[in-house]
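Dear colleague,

Please find the structure we discussed below. I would be grateful if you could read the notes that follow alongside it.

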Amino acid sequence: MKTIVGLEIHVQLATTTKLFCGCSTDYRDDEPNTHCCPICLGLPGALPRLNRKAVEYGLRVAKALDMEVPEDSEFARKNYFYPDLPKAYQVTQYDKPLAVAGTVEIEDDEGHEKIVRITRVHLEEDPGRLVHVAGGSKYSLVDYNRSGIPLLEIVTEPDMRSPQEARRFLNKLRTILEYLGVFDGDREGSLRVDANISLEGSQRVEVKNISSYKGVEKALTFEVTRQKNLLRRGQTVTRETRHFMEGRGITTSARSKEEEHDYRYFPEPDLRPLRVAEWVAAIDLPELPVARKNRFMQQYGISLNHARTLTGDPKLADFYEEVAGVDPVLAATWVSDTLLGELNYRDMSIAAVPPGRIAELLGLLRSETITDKAGVQVLREMLDACAAGKPCEMPAAIVKREGLGKATGGEFTPIVQAVIAANPQAVEDYRIGKKGALNFLVGQVMKETRGRADPRELGRIVSGCIETGGV
Amino acid sequence: MAGTLKFSPDDRYNAFITTCREAPFGDGALGGTAIAVKDNISTAGIRTTCASRILESYVPPYDAHVVGLLRREGAAIVGKTNMDEFGMGTTTETSAFGPTRNPVDPERVPGGSSGGSAAAVAAGLVPMALGTDTGGSIRCPAAFCGIVGLKPTYGRVSRYGLIAYANSLEQIGPMARTVEDVSRLMSVIAKYDFHDSTMLDRPYDHRPTADIAGLRVGVPEEYFGEGVDPRVAETVRDAIGVLEGLGASTVPVSIPGMRHALAAYYVICTSEASSNLARFDGVRYGPAVDTRKTWHEAYQDLRQELFGKEVRRRIMLGTFALSAGYAGRYYAKAQVARRNIKEDFERAFREVDIIAGPTMPTVAFRLGEKTDPLSMYLSDILTVPANLAGVPAISVPCGRVDGLPVGFQLMGRQFEDERVVDAAFAYEQEVRR
């Protein structure tokens, strides 16, 4: 039974001011209702004035997704009553969206490239936010800081075939949006998704207001199971809207009556039609993920996997390019494998890491001043300092302080001799050709030297010692 | 020369909803001039009610753009004038603050919806006032009260701060006893405002001239036909004769789209109104809602209670006209009719410079005379075309019928407000001599 998924994604555009007024969009740590004016409060008589930047951002997305921008676009009023909606209508776009007919390339579940078609993108304003007071209060509070935040709604065709594909699509879309500089994924509620899902030949269900990528995959997975179970029991799937309960990982039916809206759309008389098709030519797109991935492989000679990981986030890709330096392959391994793992472990963002220090660390590794193992230790020390908001020490200083500099041959000859003396059986095994015995002996030396020695070099020394019967 | 103007008028006609006993003023083109402002135009610190109970205690925190311009030119804003609730009426009888009476005959209505502004000017309480005109709301009361009122070209005066009734139709405009004063006030308020996206940067800076020799005046048959009081028609024909005497020529023209003008107008204005007025839900305006009810019940009860009958009627009409399954039949068709009228005017204005006719089909009604809404709506037939077409239109007094004033309406091409002002000025100067 084929699973069919289409998405509607609401992306918060990272403009500095709201869609129709000059209020700042960055209200993160501020008191409720401090980023408001007559316009975003919907006071009687106030008029919207379109933020040019939001239109440009929308067009940037349209161009990146290879969309068509019609000559005539138009804002419309979507009328409905809700206490968080200050004008009792939302200014959005209806039958004349900003752009139509685009594509995004993703990998399907077999790892093959496939196209997800984009139906349309349009601009709209966010409503305010209801704050429910704890303790069974008789009222709710309204915060209008969010009112008028510019959103880009991106609607896909039902081209995804599994919850995993939907999540990959969202990751891809997010990467593109971040590359375009129109989206700040770190902001709360910056991306919200409504998902349409059906099993082939059965009714469609809409799951509303999912606020994370993981949530989308979870909600859809739940729906696939729920719908399959219904059909297996000989029941039918009802066409309806469902809400995703993030905490419990389930969807529940929305009371259908509440959802039966007639929005009475009509063109917003306070705004002129939008004729921006000719702006598109002037938009300079940055290098997009696919192009950057290919360039990384070519220019730096790194593997597809590394290139894919590094270009999955523009900030990470920028970081990599800063530290690639003289040994891009070494840098790719360290950044995409070691550094990323350590960051995830600490729940840290790449933005918190000073690239200069990492470049220094890579220098120490390349010159074989320290071993890989010591390198990891130095990296951890640096990241712990960064995470604690402390200045990041120079790697060389950490190496010196902790005595992590790579030991040279002479330095650990006594240790090698001691290990050989203490393990006659292993020495004997090695002599009769058991290669594993050497690794054991090297391991013993490594333990004694706390990782400061290069295992390959140690191997040579240990075998030399055994063969010559001592130094 | 800044100071304070003491203002305590004998408001026997109920022209004002709010008066400012001490109105500050400054220097400028209107330095110290008392100006009354219709009560749907936002004034910071002065309550702005739209003559509705739902906004009875609403005090805007900001000035409408035009009010800021008035203050900048030194005007003293002495009060907020009565009107039909949210502008929905032709008589000022739908006001929650009681009807305004016509100073010419207190048993008559002053017209509407800017009846308070017209009455305040006609009674001599203020020399000038601001009105708003969605389908004739400046010109009708100007005609009924015997004063001058200009509905500017759509997009010439900022609507920022005007509490919207029908956004795509309405304009703020000047009202005064003379064309010259109307023109003076227009020069102050018609200045560009980036807040209003439907506005063009076409400031009005004009002193009227009476030289209209060679002016081609179009006379549309539809303005003298069925429903127009023949004596009113006759009076207006005489006024057109005066223009001819001043060197203008007349050309018969036709606005065939007028057949559907009223229907289109009422569909569009009620549709927009149904959306504009939805925000008055009791959460932020009006008395606190009953929290024992569910929120949609509370909304419904409060709106039922605090909106007047005519407002509720128009909200329901507009809601219906925009509903799924009906929008195509009503809203979309009204837009077609609107385009037709616009094209009719454009066609006519290729042959003539001005179109002339009566402002209203009759003189002022008696208070309470028009009881059924339809006959009331019909009286807007001669004023709504200018709003649908977005063209400037002025009403200037041109004599009396039964002792009541008749308005002479002159309409011009878009952004040729100066020309309609000049034509009205030429007429006025000629008949005053």
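The notes below describe the strands and helices of chain B.

This is a predicted model, in which local features need pLDDT of at least 70 and side-chain atom pairs count only at pLDDT 80 or more, while totals for chains, interfaces and linings use all residues. Residues are numbered from 1 along each chain as its sequence is written, and chains are lettered from A and ligands numbered from 1 in the order in which they are written.

Chain B holds an open sheet of 11 strands with mixed pairing, in the order E2-E5-E4-E6-E8-E7-E12-E13-E11-E9-E10. Its edges are strand E2 (16-19) and strand E10 (249-253), each of which pairs on one side only. From one strand to the next, the twist averages 30°. Strands (E, at least two residues) and helices (H or I, at least four) are DSSP runs numbered from the N terminus, and two strands pair if DSSP finds at least two bridges between them.

Within this sheet, strands E4 (residues 34-38) and E5 (residues 76-81) of chain B run parallel, joined by 5 bridges. Ala34(B) has Ala76(B) as its bridge partner in E5(B).

Strand E1 (residues 3-6) of chain B pairs with E3(B) in the antiparallel sense, over 4 bridges. There, Thr4(B) has Pro24(B) as its bridge partner.

Two helices deserve mention. Helix H2 (residues 115-122) of chain B lies across strands including E6 (128-133), and runs at about 155° to E6(B). Helix H12 (residues 417-432) of chain B lies across strands including E13 (404-412), and runs at about 145° to E13(B). Axes are lines fitted to C-alpha atoms, for helices over the stretch in contact, with angles from 0 to 180 degrees between N-to-C directions; contact requires C-beta atoms, placed from the backbone, within 7 Å.

With kind regards
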